[in-house]
Amino acid sequence: MDIQVTRDVFQLAQVFTISRGSRTQAEVLTVRVADSDHVGMGECVPYARYGESLDSVTAEILGLPADLTRQALQDLLPAGAARNAVDCALWDLEAKQAGKRVWDMLGVPAPKPEITAYTLSLDTPEKMQEQAALNAHRPLLKIKLGTPDDMARLEAVRRGAPASRIIVDANEGWTAEVYAELAPHLLRLGVQMVEQPLPAGEDDMLSEIARPLPVCADEACHDRTSLPKLKGKYDMVNIKLDKTGGLTEALLLKQDAIAQGYDVMVGCMVGSSLAMAPAVLLAQGVAFTDLDGPLLLAEDRDEPLIFDEAGVHAPTAGLWG
């Protein structure tokens, strides 16, 4: 088997800002695994928050043996971006070799469209209200927050999009005191869920303060080994393929999280339709889907995912799976 890694850059439609910084482009790694007749593809987004870089993830992938299998991969690499891109590429290769779609191989129904959140990046209240108004037709908006001055942003977005459902993501940017102060207002403004309000590893206070609306673990939840640390602190987990290390572990995490009483959100890094494609399968029936990465791009892959009023649709076989 031949494994190749390339770096691809996708320009964003506009600057994207969260509490940790801003970007104008998505830098991704594209993995191709090939036998003599077929090529499988996967994509990952290395994330500095988790100690990853384009160089380090490339080195991990290129260090894999040529006789690699998807089952062996789970032990050869830790959960993270490198394993994700290879795992998804191997799923794609297996589907092509079998002449089947991935969901048929799993014995599950073909994915149906899922309504996805559309993310408004962190900005001034005035600009966030403008963005909310431009996207007020969307049924679900996700607001990037994470500063001590977020109340005005919340109010502004609600003015701009009075009918949309809203979820918020603090990206570890609040303290327990800030969150406790904001929580009643989140409820008042109809916010349905808050994602990672406190830093992972500094979130014990979540088990001691009131959680009047569901709290979702993002940075605090990577794979199945994360679940014991979340008990009593979180109501939901955000499953991202770049955190779980691919679809194989993501499916198991989803199963275990539901069995342990957690609701599930399926999220993404800012990447192309190739990165989102396996996650559409994972997102079936979850509480919240956040696979809007391609909607934030000015350019995308060939045969991109279809987004319409029904939501994000399953990928074509030409894209993935």
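Predicted model: local features only at pLDDT ≥ 70, side-chain atom pairs only at ≥ 80, totals over all residues.
Side chains of opposite charge can pair when their charged atoms come close.

Let me begin with Arg-70, which forms a salt bridge with Glu-94, the closest N and O atoms being 3.0 Å apart. This pair links distant parts of the chain, with Arg-70 in helix 2 (residues 70–76) and Glu-94 in helix 3 (residues 81–98), 24 residues apart. Arg-70 is buried, because its relative accessible area is 11% and buried means under 20%.

Next, please look at strand 9 (residues 236–239), where Met-236 and Asn-238 point one way and Val-237 and Ile-239 the other, and where all of them are buried. Strand 9 pairs in the parallel sense with strand 8 (residues 215–217) over two bridges, with Cys-216 standing opposite Met-236. Strand 9 also pairs in the parallel sense with strand 10 (residues 263–266), here over four bridges, and Asn-238 stands opposite Met-265.

What joins Asp-218 to Lys-240? The two form a salt bridge, in which the closest N and O atoms are 2.9 Å apart. Asp-218 lies in the loop between strand 8 and helix 8 (227–230), and Lys-240 in the loop between strand 9 and helix 9 (241–244), so the pair ties together parts that are 22 residues apart in sequence. Both Asp-218 and Lys-240 are buried.

Finally, there is a network of salt bridges that links Lys-142, Lys-144, Asp-169, Glu-195 and Asp-290.

Terms used. Residues numbered from 1 in each chain as written. Heavy atoms only, no water. Buried < 20%, exposed > 50% of the residue type's maximum accessible area, 1.4 Å probe, protein only. Pairing = 2+ DSSP bridges. Salt bridge = Lys/Arg side-chain N within 4 Å of Asp/Glu carboxyl O.
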